[in-house]
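Welcome! Take a moment to turn the model around on your screen, and then let's walk through it together.

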Amino acid sequence: ILTEWQSKAQFPCLSLLRLLLLQPSVYASSAPDDDLKNVLKHLLIKLAEPEGFSSKPSSIMALCSLSNALSEPAGQALLLEADNASLVVDAGLTALKDDRPEVRQMGSALLANQALAMEVREDSRNPNPHECQRTS
């Protein structure tokens, strides 16, 4: 369905998706992670294409959806994978070059959420980064 969206259906679908990605149950569902991973990957690829989404509001909703996914630990895991993390940066930087302030704002939010998510993941690997590591 996502790859064959009609242009007038993009905005409402993305608007619902952005809300759906805030629900932890979406990530914990019995459906395989591949489905959600493919949806997020589709958004990232579409944002990178020159023709992209059918309208600026649709692009904003796609950026917002990705940003919302980065607010959930399971969404972070999907978007911070090596092949997706660089696409997130590309989407954010592309949005920052847009002439509309609302697109630039969502690009900024996406990059900020990615930076925060990366920091949280790093902190979980090293619970006390200020403590000196002792060697025996």
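Let's start with Cys64, which is buried: its relative accessible area is 14%, so it falls under the 20% cut-off for that label. Cys13 has a relative accessibility of 31% and therefore counts as partly exposed. As for sulfur pairs, the structure holds 0 disulfides. Please keep in mind as you look around that this is a predicted model.

Now step back to the whole chain. What does its secondary structure consist of? There are 7 helices and 0 strands, so that a walk along the sequence reads α-α-α-α-α-α-α. The chain has 136 residues, and 36% of them are buried. Take the contacts between residues at least 6 apart in sequence: 63% of these join residues at least 24 apart.

How confident is the predictor? The mean pLDDT of the chain is 84, with 82% of the residues at 70 or more. Among the elements, helix H4 (residues 56-69) has the highest mean value, 95, while helix H2 (residues 24-28) has the lowest, 86. Over residues 132-136 the pLDDT stays under 50, and for this stretch the model has 1 contact beyond four places in sequence.

Next, let's look inside. The largest nonpolar core is made of 29 residues, and Leu40, Leu63, Leu66 and Leu79 have the most contacts within it. Which helices supply at least two residues each? They are helix H1 (7-20), helix H3 (33-48), H4, helix H5 (73-79), helix H6 (82-96) and helix H7 (101-125). H4 gives the largest share of this core, with 7 residues.

To see one of these leucines in its surroundings, find Leu79. Setting aside neighbours within four places in sequence, Leu79 touches Leu40, Leu44, Leu66, Ala69, Leu70, Asn84, Ala85 and Val88. Two of the names in that list, Leu40 and Leu66, are also among the core residues with the most contacts.

Our last stop is Gln114, which sits in helix H7. Is Gln114 buried or exposed? Its relative accessibility is 5%, so Gln114 counts as buried. Beyond its neighbours within four places in sequence, Gln114 is in contact with Leu70, Leu80, Ala85, Val88 and Val89.

Methods:
Residues numbered from 1 in each chain as written. Predicted model: local features only at pLDDT ≥ 70, side-chain atom pairs only at ≥ 80, totals over all residues. Heavy atoms only, no water. Disulfide = S-S within 2.5 Å. Buried < 20%, exposed > 50% of the residue type's maximum accessible area, 1.4 Å probe, protein only. Helix = DSSP H or I, 4+ residues; strand = E, 2+ residues; numbered from the N terminus. Contact = heavy atoms within 4.5 Å. pLDDT = per-residue confidence, 0-100. Core = buried A, V, L, I, M, F, W, Y, C linked by side-chain atoms within 4.5 Å.
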